[in-house]
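Here are my notes on the model you sent over. Have it open while you read.

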Amino acid sequence: MQQAPDIRIGINPVTGALNKWPLLCGAMLLGFSPFCAQAQSTPDSDVTRQGLVAKQDATPASTNDGIGDIVVTARKRSENLQSTPIAITAVNAADLAARGSVDLATVNDIAPNVVFKTGGATSGATFTPVINIRGIGQSDFTINTDPGVGVYLDGVYLGRSVGSVLDLADVERIEVLRGPQGTLFGRNTIGGAVSVISKAPSTDKFSGNVDLSGGSRAFYSVQASLNVPIASNLALRVSGMYRHRDGYVDALQYRDYKLGGERMWAGRAALRYQPFHNLTIDLSVDHTERRDPPAAIVGLQLGSVSTTSTAPTGSDSTFFNSGAGPVATAKIPYISVDAPRCASDATFRNNSLTCYGNTWLAGTTGNNSVWYDKSGQKIIPTNVLNVTGFGATVALQSAIGTFKSITSYRKFDTIFYSDLDLTPYVIFQNNNVPYRQNQLSQEFQLVGDAFHGRLNYVVGLYYFREKGDEAVDLLTPGDIPAALAPALAPTLPYFQTTSRFINNTSKAAYAQATLAVTDRLKITGGLRYTDDFKDYNVSQLRAVGAALNGSGTQQSKIWTPMANIAWQATDNLLIYGTYSEGYRAGGFAARFPGGLPTPLPSFNPEYVTSYEAGVKSTLFNRHLILNLAAFRINYRDIQVTATVANLPGFTLNLANAHFTGFEGEARAILGSGFAASVSVGYTNKTLTEVAPGTQSSAGTNAVVNITTASRLPGPAWQLNGQLTKKFELANGGRVDSEFDVHYESSDSNSVANYAIIEQPGFAVANARISYSFPRSGWSAAVGARNLFDATYFTTKVLSSASGSAYGTVARPREAYLQIGFRF
């Protein structure tokens with residue numbers, strides 16, 4: 001698959017002011033060079049392998065013809081995108097290549113009201129994303145925290161966010177559904193769903209491709225795929241990739257070591273067998289490995305993150321800077337040689353390397369962390385991820401519809417390191433060693449119609465089981481209780497290991513039907529019943545003494561209905577309205593700053609009720625597609641990580657809110673080879689009720705009261721634009737060019753609204769120009785990601801426990817050259 005650049009436009013990361021010249025430069029560049037035409041996709045088999053697939057016409061629309069149809073199966077059946085009454089964005093392989101997309105995070109820059117950021121929360125790993133749609137999603141990565149946006153690979157739900165930053169090497173298309181999908185897709189899709197569809201084997205012809213890329217910061221990539229027709233009813237497809245990128249934030253306490261890099265490889269094999277004309281069997285296996293340095297995290301403020309006090313924040317910062325603590329543990333190097341002056345004199349603390357303070361900050365290009373293992377030995381950290389999946393899909397066409405069975409087994413194991421003090425000292429460090437999960441899922445579907453096509457229906461059964469464990473070594477000398485200090489002093493800086501174990505099952509049955517009241521008016525109703533069961537165990541083990549253990553079980557039985565009315569006012573105008581419900585499963589607390597309580601604190605499911613109205617229009621002889629949607633979401637029993645009386649720092653159901661917003665998407669053929677697409681998303685999030693006494697960072701000098709006036713995280717505005725041009729040459733060659741830009745407004749990054757971690761608005765842009773040689777299969781391209789080298793953060797975090805604020809810096813400009821061959 002070809003790749004294109006991710007160009008990021010200039011907005012000052014401090015002031016948020018838009019740097020206008022890059023936009024003008026981009027416009028001029030497009031005016032004088034040819035930019036890529038409407039992307040096309042290779043048509044898939046008539047048998048859809050899973051429930052969320054988009055297909056585009058085999059014959060693409062040229063810049064002189066109308067825009068071709070896009071077929072989606074978001075409702076488990078093939079439908080024209082413009083006739084499907086839901087808010088959905090479909091992106092095919094060619095457009096992903098033109099944009100220079102390398103992984104699933106690209107949807108952040110394509111679909112409106114979608115946030116998909118890497119390097120999330122406190123993990124220190126780039127493969128733990130933050131994913132939100134319409135302001136609802138997940139930012140934590142712990143094994144007992146469920147997603148709020150469902151990510152699907154070939155129809156299979158991925159139960160954990162870790163490892164869901166999927167590579168796009170042999171992807172056919174991506175689908176993004178906005179709004180709760182509680183009926184057809186079930187739990188943990190209260191924000192929406194993102195589905196990745198792999199390319200399927202074909203018996204049509206022997207074919208393949210090889211793409212070689214190289215660029216700045218030691219970026220190089222190899223991608224290859226091969227389609228082999230074995231017989232008239234049997235085909236094999238194999239693909240593989242390798243990608244390397246150097247980091248871009250200097251680990252200043254190491255020699256020639258940079259953070260934020262990637263080193264990964266992946267392979268996939270798929271077999272399609274059609275023993276009878278009405279029976280198709282698809283088998284697949286995939287494997288991915290990553291060996292990355294930690295994420296490109298830099299400090300923003302260290303030692304004290306209080307706005308009301310100059311004293312150190314949190315027990316760990318206070319312990320190091322003041323030296324006040326148990327005699328057995330309050331000793332150098334676990335306290336400062338200049339304690340207690342580092343605590344009492346803020347000016348000295350922020351200017352002396354002997355203290356834990358802002359003197360260790362190194363801007364957006366440096367990090368002074370030193371990572372240690374459990375025994376206290378300095379290490380060169382490598383974040384490890386191994387993912388393996390097996391899939392089997394069987395589709396049987398019958399007189400009453402298509403029966404489908406989707407079976408999958410997937411597993412991953414990972415290790416990652418996070419130093420939250422960002423200094424050479426051991427003040428606060430988490431080592432996730434290991435983090436593992438395996439899951440088995442089975443879904444049965446029947447998709448059919450009756451009454452001469454007047455009634456369409458889908459019914460299904462679903463089963464999901466997962467097991468997992470996560471062990472976190474905590475290196476925090478300042479947390480050791482005085483009573484245990486003499487016994488634990490020999491194992492410093494290690495304090496304890498918290499291990500979490502999950503054994504979860506989910507069973508569901510669902511049905512949805514659409515009745516054509518007239519040729520123009522259709523009504524749809526659906527209902528899903530889900531039975532979730534969670535079994536959670538947690539232990540805390542220290543070098544000395546017995547382990548502390550806790551456990552809990554939770555069961556939820558929930559109905560999620562939906563209703564939709566769609567009026568095809570004209571052949572080119574669809575008006576619809578939708579009512580839908582969804583929920584995210586409950587669970588148990590993951591972190592225990594004050595020790596392991598009995599019983600374990602738990603939280604219940606959170607719920608959304610969504611009202612949506614939309615218009616889909618095809619105008620000017622198919623030269624313009626304009627789709628609009630407006631929504632209101634009532635969000636109840638929101639799971640918030642905060643503090644109330646006697647429950648410090650746990651996830652609890654603490655708030656209610658309502659969200660309102662809109663989305664607009666337009667695609668246009670402009671003539672003379674030009675085409676354009678634009679999307680805009682806006683979400684206004686308002687807290688309507690917060691439990692009295694809810695606070696963030698209680699017990700420290702960074703306490704913030706959370707009230708209905710608090711701003712929920714996530715940008716209010718997102719805008720995306722793309723301009724492409726196709727230029728056919730007299731010799732039969734073709735030049736394709738593309739320029740795209742993404743803008744999002746400011747983000748609080750936390751309901752506590754700490755000013756230090758607010759991300760100002762920013763814009764980024766990508767560009768690519770390619771030449772396809774005539775009648776040879778060869779192509780060459782040059783491009784750049786973050787073309788204007790904008791500096792901004794993908795995420796920011798304030799940790800009162802470590803007394804630090806820090807952020808993950810986005811990848812800077814990356815220019816590249818790509819050579820491709822298709823046969």
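**Notes on the model**

1. Let's start with the disulfide: cysteine 342 and cysteine 355 are joined, S to S 1.9 Å. The rule is a pair of cysteine sulfur atoms within 2.5 Å, and by it the count comes to 1 disulfide. Cysteine 342 sits in helix α4 (residues 341–344) and cysteine 355 in the loop between α5 (346–349) and β20 (366–367), so the bond ties together parts 13 residues apart in sequence.

2. The S-S torsion of cysteine 342 and cysteine 355 is about -70 degrees, so this disulfide is left-handed. Cysteine 342 and cysteine 355 are both buried (under 20% relative accessible area, 1.4 Å probe, protein chains only).

3. A word on ground rules. This is a predicted model: local features need pLDDT of at least 70, side-chain atom pairs count only at pLDDT 80 or more, and totals for chains, interfaces and linings use all residues. Residues are numbered from 1 along each chain as its sequence is written, and side-chain values use heavy atoms, with hydrogens and water left out.

4. On secondary structure, the protein has 45 strands and 6 helices (DSSP runs: E, at least two residues, for strands; H or I, at least four, for helices; numbered from the N terminus).

5. Now the overall build. Buried residues are 60% of the 823 in the protein. Its C-alpha trace spans about 80 × 55 × 50 Å along the principal axes.

6. As for contacts (heavy atoms within 4.5 Å), 68% of those with a separation of 6 or more in the protein are between residues 24 or more positions apart.

Definitions and conventions: Buried means under 20% relative accessible area, exposed over 50%, partly exposed in between (1.4 Å probe, protein chains only).
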